[in-house]
Amino acid sequence: MLYDVIILGSGPAGLSAAIYAQRARLNTLVIEEKPLSGGQILDTYEVDNYPGIWGITGFEIGQKFRTHADKLGAKIINAEVLNIKLQENKKIIETSKENYEAKCLIIATGARHRKLEVLGEEKFFGRGVSYCATCDGAFFKGKTVAVVGGGDVALEDALFLARGCEKVYLIHRREEFRGAKILQEKVKETENIELILNSNVTEICGEEQISSIMLHNHKEKMNKELEVQGIFIAIGIEPNSAVVKDLVAQDNQGYIIAGEDTKTSTEGIFVAGDVRTKQLRQVITAASDGANAITSVEHYIQIGKQ
Ligand code: NAP
């Protein structure tokens, strides 16, 4: 069967595209690698900035998006995309299950957690090292943990962990945080969060589990050991764009280059959500991309070119 459009990924961008595609009566298939839809939003404790839905958990909003797409009859399958080939006017998606063909492709594969790349990070993954406070925070109830980073995620993680942990150190490499001011204020008001600024984690230490981390304060040129039982690394994201690296133009960080119309450098391939070059990576901008991508797909199908 030749689909009108295949959407890779079922986070907010992919599901928004699926919803718009169903309403446009496009013959659509969504391919998701993970067992659950929602993407990175599943790792977020609370989403407070999506208009009209205040104070919802990331998991709940992810499920709401999925239910919406399901209710409109979207076809969503689980498979790993292994390769993509271009053939005349169609795109062939080779997956771990079977091959699928479509006139258009929307890449909505999102992004993944960036690694600190320090000694002990890999060794202690799952034994004190985590990239997801909402998934693993409960294991550290009453304990002392560190959060690394200065963006929205690090601030949110510190606040979330402070509810159950005895003490949370928030370690950032600079003096200023880049996360939202409202989160910075909340962090500063929280008694059991201690800020450690101008510092980098240089090593994660322990026997079976983490027992401490080594820090370097580059302003004071001092090293110190900090006793913690867990470390939550929240230092940003990297795009999941490897599968299309030879197909569409990317910037030097691997983000797929496209504007608001979501058109990539290749005819019939569109990009939506965090994997696209853009100013602001949030649920609302991902959902907006999904809608725009379907508008571009409809246009492409009607006139046969981007
Ligand atoms: P981010 O905004 O890119 O922040 C990453 C932080 O990690 C920065 O403070 C950065 O330091 C630091 N960092 C990067 N590499 C590092 C390294 N090797 N060692 C130490 N520190 C390092 O990433 P994020 O917080 O994961 O957020 C990702 C995206 O999701 C952002 O666009 C964010 O706005 C969005 N988001 C939004 C919300 C919300 O609206 N509520 C919630 C979650 C996420 P520097 O500041 O020095 O560069």
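I am working from a predicted model, in which local features need pLDDT of at least 70 and side-chain atom pairs count only at pLDDT 80 or more, while totals for chains, interfaces and linings use all residues. Residues are numbered from 1 along each chain as its sequence is written, and side-chain values use heavy atoms, with hydrogens and water left out.

The side chain of Asp-152 has an N or O atom 2.8 Å from a ligand oxygen. For Gln-282, a polar side-chain atom is 2.9 Å from an oxygen of the ligand. The side chain of Glu-156 has an N or O atom 3.0 Å from a ligand nitrogen. I noted that the protein covers 79% of the 920 Å² of accessible area that the ligand has on its own (Shrake-Rupley method, 1.4 Å probe).

I then turned to the helices (DSSP runs of H or I, at least four residues, numbered from the N terminus). Helix 4 (residues 152-162) packs against helix 5 (residues 181-189) at about 35°, with the axes 10 Å apart; axes are lines fitted to C-alpha atoms over the stretch in contact, and angles run from 0 to 180 degrees between N-to-C directions. On the helix 4 side, Asp-152 and Glu-156 are among the residues that meet helix 5. I counted 4 nonpolar, 1 polar and 3 charged residues in this contact.

Last, I checked helix 1 (residues 12-23) against helix 6 (residues 283-303): the angle is about 35° and the axes are 7 Å apart. Residues of helix 1 including Ala-13, Ala-17 and Ala-21 meet residues of helix 6 including Ala-287, Gly-290 and Ala-291 (contact means heavy atoms within 4.5 Å). This contact has 10 nonpolar, 2 polar and no charged residues.

Technical notes. Polar contact = N/O pair within 3.5 Å; in protein donor to acceptor, adjacent residues only side chain to side chain. Helix = DSSP H or I, 4+ residues; strand = E, 2+ residues; numbered from the N terminus. Nonpolar A, V, L, I, M, F, W, Y, C, P; charged D, E, K, R; others polar.
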